[in-house]
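Good morning, and thank you for coming. Please look at the sequence and the structure on the screen while I speak.

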Amino acid sequence: MERTGPAEPPGPGGGLAGSGGPPGGAGRDAPPRQAGWGIQGDRSGRSDQAGRTGGQNDRSAQAGLLGRIFLTRVLEPGDETGGRWVRELGVDGVVRRLRQRGEPLPGVTGKRWAGLLARAERADPRRDLAVAQGAGVRFVCPGDTEWPGQLDDLGDARPLGLWVRGTPDLRMWALRSVALVGARACTEYGAYMAATLAAGLAEKGWIVVSGGAYGIDGAAHRGVLGAGGATVAVLACGVDRPYPRGHAGLIGRIAEQGLVVGELPPGEHPTPSRFILRNRVIAALTRGTVVVEAAHRSGSLVTARAARRLGRHTIGVPGPATSGLSAGVHELLRQDAALVTDADEIVELVGDMGELAPERRGPVLPRDLLDPAVRQVLAAVPVRRAARPDDIARTAQTTPDDAIAKLYELRALGYVERHGDGWKLTRQAMISVRAGADDR
């Protein structure tokens with residue numbers, strides 16, 4: 001798909017031909033006879049002489065593009081009934097039925113059919129495409145080379161297409177991506193963890209996908225940008241009108257350094273249901289969903305549950321047991337979510353074979369470097385009083401001569417000191433022994 005350079009507004013003329021619909025429906029896409037639906041150029045709307053004089057394939061591709069854009073104005077995101085219509089009748093068949101105000105589509109009530117017709121009457125895909133081009137936005141359809149194939153796992157809830165703002169290739173970025181989501185009203189701990197995890201993932205070459213919202217989403221995006229990495233914001237509104245408004249600058253930075261993606265056409269506003277439905281796209285795009293802080297009713301848990309249904313990794317970052325904002329995460333962890341504390345552990349779950357997190361160990365203490373038999377004698381020396389060599393030998397399960405030899409070795413290293421016929425720990429050794437007891 002051509003994505004470089006500003007595109008001129010689509011020109012008039014031509015009829016709408018075939019579809020480019022999802023598998024099972026493309027064969028039924030035939031051109032409706034609707035005036036004013038022609039468009040010159042390639043699938044991104046760029047003017048091109050070949051597009052004006054090309055064959056049926058070029059016109060069919062353009063028609064499929066316009067048909068899908070038309071349907072983004074009529075059907076809500078995630079409408080499985082609408083997705084079934086597209087699969088069974090093809091994009092063109094659904095568009096024709098709506099534009100010609102024909103027989104109601106299968107399974108729709110009279111009230112809903114009237115609402116769909118009212119939306120269809122106001123839809124103008126050529127105008128939407130021109131507005132998008134003016135904002136530097138392209139429309140990516142199923143079947144395009146840039147279309148992320150993992151979105152097809154959503155079945156009839158698959159997006160009709162995605163509006164994409166930014167220059168990178170969405171399909172390539174989605175291949176190595178992780179979703180990082182959580183509470184809007186997050187704590188300082190949650191914001192720190194989100195930013196730290198996101199920066200760590202970016203440094204390891206992973207794409208971080210989130211929803212552009214306040215709280216955990218914003219912290220994750222900022223963590224990536226601060227590390228010079230790549231991030232994708234999936235919005236529940238038109239990508240030309242960032243929401244929330246307080247994140248207009250952040251979303252602008254994401255569009256410059258990464259990608260801003262959404263299902264809704266230009267100018268569309270978010271609603272509570274659109275936020276929930278947007279989350280399925282985040283889950284489907286990525287290899288796994290990491291939740292950082294989420295109450296029991298948090299929308300980020302919807303993303304995690306969608307990831308689970310789709311066979312993606314469901315991952316949680318634990319918080320304080322007393323924090324209500326971590327209660328939803330802890331519930332996930334009690335089920336089948338994986339617990340992580342850093343980016344290495346996330347990559348071990350979602351990455352390729354061999355991308356393992358390093359083994360976690362505490363700090364190496366000087367006594368850890370002692371020979372095991374010497375450590376055994378050291379452990380047998382009392383902390384607060386001097387002991388005779390035969391008592392130390394008995395506790396260490398060795399002979400008195402062996403104990404004496406090792407005690408002199410320990411004295412040379414500063415661990416024990418002699419008091420008459422007895423031996424006791426030095427102050428340095430007492431600190432080391434207490435640290436060892438804490439480790440146990």
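Predicted model: local features only at pLDDT ≥ 70, side-chain atom pairs only at ≥ 80, totals over all residues.

Residues are numbered from 1 along each chain as its sequence is written, and side-chain values use heavy atoms, with hydrogens and water left out.

Let me begin with the backbone. Which two residues does a cis peptide bond join? They are Tyr 243 and Pro 244, and omega is about 5° there. Pro 244 sits in the loop between strand E5 (231–235) and helix H9 (248–257). The names need a definition: helices (H or I, at least four residues) and strands (E, at least two) are DSSP runs, numbered from the N terminus.

Glu 293 has a positive phi of about 65°, although it is not a glycine. This residue belongs to the loop between strand E7 (288–292) and helix H11 (300–309). Gln 397 is likewise a residue other than glycine with a positive phi, near 60°. Its place is the loop between helix H15 (389–396) and helix H16 (400–412).

Are these residues buried or exposed? Buried means under 20% relative accessible area, exposed means over 50%, and partly exposed lies in between, with a 1.4 Å probe and protein chains only. Glu 293 is buried, with a relative accessible area of 1%, whereas Gln 397 counts as exposed at 70%.

I now turn to the packing of helices. The buried residues of H9 are Leu 250, Ile 251, Gly 252, Ile 254 and Ala 255. They pack against strand E2 (162–165), helix H8 (216–226), E5 and strand E6 (259–262). Contact here means heavy atoms within 4.5 Å.

Next, consider helix H10 (residues 272–285) and H11. They pack at an angle of about 45°, with their axes 8 Å apart. Axes are lines fitted to C-alpha atoms, for helices over the stretch in contact, and angles run from 0 to 180 degrees between N-to-C directions. H10 and H11 are therefore oblique to each other. As for the terms, angles under 35 degrees count as roughly parallel, over 145 as roughly antiparallel, 65 to 115 as roughly perpendicular and the rest as oblique.

Which residues of H10 meet H11? From H10 these are Ile 276, Asn 279, Arg 280, Ile 282 and Ala 283, and their partners in H11 are Val 302, Thr 303, Ala 306 and Ala 307. By class, this contact of H10 with H11 has six nonpolar, two polar and one charged residues. In this scheme, Ala, Val, Leu, Ile, Met, Phe, Trp, Tyr, Cys and Pro count as nonpolar, Asp, Glu, Lys and Arg as charged, and the others, Gly among them, as polar.

A further pair is helix H7 (residues 188–203) and helix H13 (residues 343–350), whose axes come within 8 Å and cross at roughly 55°. That angle makes H7 oblique to H13. Leu 197, Gly 200 and Leu 201 in H7 meet Ala 343, Ile 346 and Val 347 in H13. The contact of H7 with H13 has five nonpolar, one polar and no charged residues.

My last topic is salt bridges. A salt bridge is a side-chain nitrogen of Lys or Arg within 4 Å of a carboxyl oxygen of Asp or Glu. By this rule the count comes to 20.

One of them joins Asp 344 to Lys 204, with the closest N and O atoms 2.6 Å apart. This pair links distant parts of the chain, 140 residues apart: Asp 344 is in helix H13, and Lys 204 is in the loop between H7 and strand E4 (207–210). Asp 344 is partly exposed at 22% relative accessible area, and Lys 204 is partly exposed at 36%.

An α-helix has 3.6 residues a turn, so residues three or four places apart point the same way. Glu 331 and Arg 334 meet in a salt bridge of 3.5 Å, N to O. They are three residues apart in helix H12 (residues 327–334), and therefore separated by about one helical turn.

Arg 394 and Asp 391 also form a salt bridge, with their closest N and O atoms 3.0 Å apart. Both lie in helix H15, three residues apart.

Finally, Arg 73, Glu 76, Arg 119, Asp 128, Glu 268 and Arg 274 are linked in a network of salt bridges.
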